[in-house]
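Work through these exercises with the structure open. Try each task before you read its solution.

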Amino acid sequence: MTVTLSNGGVGDGGAPTTATTDPTGTFSFPNQPIGAYTVSFARTGFTSKSVQVGTSVAGPTILAVTMAPDTTAGVDAPTFQLSVTDPGGNALDPFAVGYGTTVSIGVTSLTDTAEPTLDASTFTYAWKISTAATSANMSGAYTFNSPAPTSTSTSAAFTTMTLMQAKSVEVCQDCGYTFYNGGPGYLARLGVVPVNPDETGRYTVSVTVKDPEGHNYTFSQGLRSTWQLAGVADVPVGTPVYLQGDTFAAPNWKQQSPTLFKWANDSWSWTLTSCVDPNGAALTCPTLADAKTQFPHFTPPAGGTYTFSLTESSSAALAADAGVVGPGQGAGPGSGGSYGTQTVTLNVFAGQWLGVMNGNPTASLCVSCHNGSTAPDKFTPWQNTAHESAMKRKVDGLATSHFGESCLECHTTGWDEVATAQTAANGGFYYEMNTEKGPDGGLWQYPNPMTSTSYSDMVANYPTLGYLGGIQCENCHGPALGAAGSHPGNLSNNSVEVAFKGARIDWSASVCGSCHEETSNHVFPGQWALTGHANTELAISRATVESKSSTALGGADPQSGAQFCARCHSGQGFAEYVRLLNNGATGRYDFITTDDQKLASNGSNAPTATYLSSLGLNAQQVQSQTCQTCHDPHSNAAYSAAYGSDSGVGPVDCSQQANNGDPACKQLRIYDGLPGLPNGMGTFSGVGEGAICMACHNGRNGEHTDTVNSAPYIETPHDSTATEALFGFNAFFVPRFSPSPHMAIQDTCVGCHVKLPTATEAANGFSSNHSFATDTTICQNCHGSAAVDGAALQAQVANELSAMSSTITSKVQTAITKAAVTGLCVQASRVSDAQCTGGSCNSSQVAPAVPFPTPISNVYIAPGNLKSVSMRDGGTTSVTITLNNTVTFPYYDVTDVTMASAIGSATTTKLSVSMSTILVGNGTGNGTNCGMTSPAYLFPGTDGTPSPYSTIPAKAIWNFATLSNEGSGGLHNYPWTNSVIQATTSQLAGWNP
């Protein structure tokens, strides 16, 4: 550093005297006479500084000076520029660098002739990288590629996470999903990949540059792999779109459709075959990247229809214990084979954003149809929701202070912060914010500070921007201008894939998750993904026309079809079921119909397979219990109906910040009560938000009490029986109703299972949860820490139920063994010992697996042929009977849903038998009832049919199953649980078969 002393130097007429500091910054001007001096300090990269000092005879004058760095560009500080490129040096859009892509970040020192020359080779660099992703694979610090950048590196490279690593944030760990590589992962379906902000792969790369003078300059660059998408086939112009080929692993389902439940593919080949604008004119097709992978991507440059052809194949070998079958299999298990090759078509529709906020005149195109006449009125109820005012309330400063410009990507329509979106003019909020000029000729700026007129000022001065300022139709359904707005179909209607009802409709949780993601503290999707509600494979196996009987009255069991199971095992089916329940179709045998009413006596409103599929109840479209299952995206009608209005408007204006969080504004499909449930309970009300849970979490199989009994045969309730436990309903030997004290909890089920966090969630800072899990710490919120020991009560109930199960099992075994002395006639529903490995049989297999007798076969068990009887537990209605001598059964191709013709026969010594079918008496083994004379049911159920045997086991089995399936271990209603156990135990003690 140069130091100059002036004004008063001796012998030089006042000429300055200079000195240079040593490495420690020390300098001196010795032997200066007494007087006043100016001392000036100068060093490149710092602001020059002068101080006035005086000397005296008292001793030396010591100065300590601090100089500020000079960061003025073009003066005496270096300037830098960051670049984002691929390994070849080609520029990348920072907000669309791609998944699994190597990205290079470079820092360059710019030369400025006005500033002193600095030797860039003497700069040092400190690089850092982090990611906001919540993926289990990518949480915490992210790392640079090897070799890592050093202090002399002017660039650094890293590889973004793959799409599957990003998708790991939404994996249900307990749902058994299988990805194409055989491990847990994302259950992909033919269509557009939904991407929420957590999955966009957000990174921040920063570099701190230190110059030779010791200055530090820090620069940061934000990057994303891509931008978020709702996953519908209507997509915005200029935004990267990832496609997905389907990957269905074939589970062991009896009624299996090989064309849909197939081996995961190991080969995909995509072709972009056609690109046309909304008028049918040809467009120049964009590049389709990664066309030989499961997840290719493209960026639509203009509005239009983009048609893709996908040829996919699988050559997966059948493992010896896989338990799955399919076309192309070899001679037997483990011999390999292939599902072959198939070609499917996918249409993607690109368009521009419209916006319907604030009276957009162009939006009248939508309103003119969705007016309650031509199409359902979705606008009026939507205007009463919090989504409508999601931006307004925030920028007006009525909500939290942390709301900022970065939040607008979800609180507006069409925030696509990618370079291509700018040049493509997709009409979204981000484009208009950087394009539309106000009265003063300037662009809209995010308000700082936010005031009560921020939103209205924007609408008045930037009307096009105002049309897009809120969460509205297009946020979930895709752009409404151009090809994307014509309500098109999506998939070709061929023999392999079922056509979508519309390209703008998707029941996936990813639609809501495109905004309600983890990183902005919307934790519900992540919590939900850990629940059984997220099990899509269960929905496929229970709620589709391919896996279940598809006609309304088909199957031996009237409840066997998708029209029944889809009511609770799918999002689409539940929405239909809500209308059924509200229309009074609350019986155990009421199912989805074409008019949401009870089945007509002539069956005229019974659904066909085609109708059920049109609702989305097919393997390609069906969804589990997603967000939209419980929450109506369009209105608050259920809450309003509870207060005498069914319009969806009022009594609470949910667009007002003051009502944010009000129960009226949670948009639940059911609120407070229902006309009844299929467990036979009848009309109920006053349960608040818990009503939505009770619609499915009830025993479903009618009432079974000493007052009313719905079936004259032995059966058990469907699980869960939580509603029965809460109301103290549906058990024998006790009063008809014994409501739980927990009925007093506000919103009943939701009061504990949603509003209160578990200990783990509380430790993570969560105040509520959508995992719907509870633990015994929740009890302390009402009972205090020492008032109740929930774990001890659960242990007591478990012990007593175990004892009850043992008693039931022992006495049923005794009853059957005694009756067999004179001979039994049973109906075998299936054979218990498999004839080959796998658990299923197929016509192409040499060795059959498990035979399925169809129709159910009568089997005579002659005196002396019974070897043993086993029973799983006290809550089952079937037993396994082992014989001394074999019997013969037909077996059927399990991939043939009709099972019209047997493909072989097999012998067995084990029979799975329903207790309700066991007849006793003497007989020859031939003809009706095995030729028995005067046969009687061993277990006649509970209808009072004359029999030498008691009906107590039927009632005891029902009670045991009801208590075992209610899910809380007795805590839902301990007084009632205890009374049922004691009464049932007493009855069993008096039954001596």
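**Exercise 1.** Find the handedness of the crossing of H24 and H26, then describe how these helices pack.

*Solution.* 
Step 1. In this predicted model, H24 and H26 cross in a left-handed way.
Step 2. Locate the helices: H24 covers residues 790-819, and H26 covers residues 974-989. They pack at an angle of about 25°, and their axes are 11 Å apart.
Step 3. Angles under 35 degrees count as roughly parallel. H24 and H26 are therefore roughly parallel to each other.
Step 4. Now list who touches whom. H24 contributes residues including Leu793, Val797, Leu801, Met804 and Ile808. From H26 come Tyr974, Ile981 and Leu988, among others.
Step 5. Sort the contact residues of H24 with H26 by class: 9 are nonpolar, 7 polar and 2 charged.

**Exercise 2.** Decide how H14 and H15 are oriented to each other.

*Solution.* 
Step 1. The packing angle of H14 and H15 is about 95°, with their axes 6 Å apart.
Step 2. The range 65 to 115 degrees counts as roughly perpendicular. H14 is therefore roughly perpendicular to H15.
Step 3. On the H14 side, Ala566, Arg567 and Cys568 make the contact.

**Exercise 3.** Why is H14 largely enclosed by the rest of the structure?

*Solution.* 
Step 1. H14 spans residues 562-569. Its buried residues are Ala562, Gln563, Phe564, Cys565, Ala566, Arg567 and His569.
Step 2. That is 7 of the 8 residues in H14, so this helix is largely enclosed.
Step 3. Look for the cover: it includes helices H13, H15 and H16.

Definitions and conventions
Residues numbered from 1 in each chain as written. Predicted model: local features only at pLDDT ≥ 70, side-chain atom pairs only at ≥ 80, totals over all residues. Heavy atoms only, no water. Axes fitted to C-alpha atoms, helices over the stretch in contact; angles between N-to-C directions. Helix = DSSP H or I, 4+ residues; strand = E, 2+ residues; numbered from the N terminus. Parallel < 35°, antiparallel > 145°, perpendicular 65-115°, else oblique. Left-handed = near helix turned anticlockwise from the far one by under 90°. Contact = heavy atoms within 4.5 Å. Nonpolar A, V, L, I, M, F, W, Y, C, P; charged D, E, K, R; others polar. Buried < 20%, exposed > 50% of the residue type's maximum accessible area, 1.4 Å probe, protein only.
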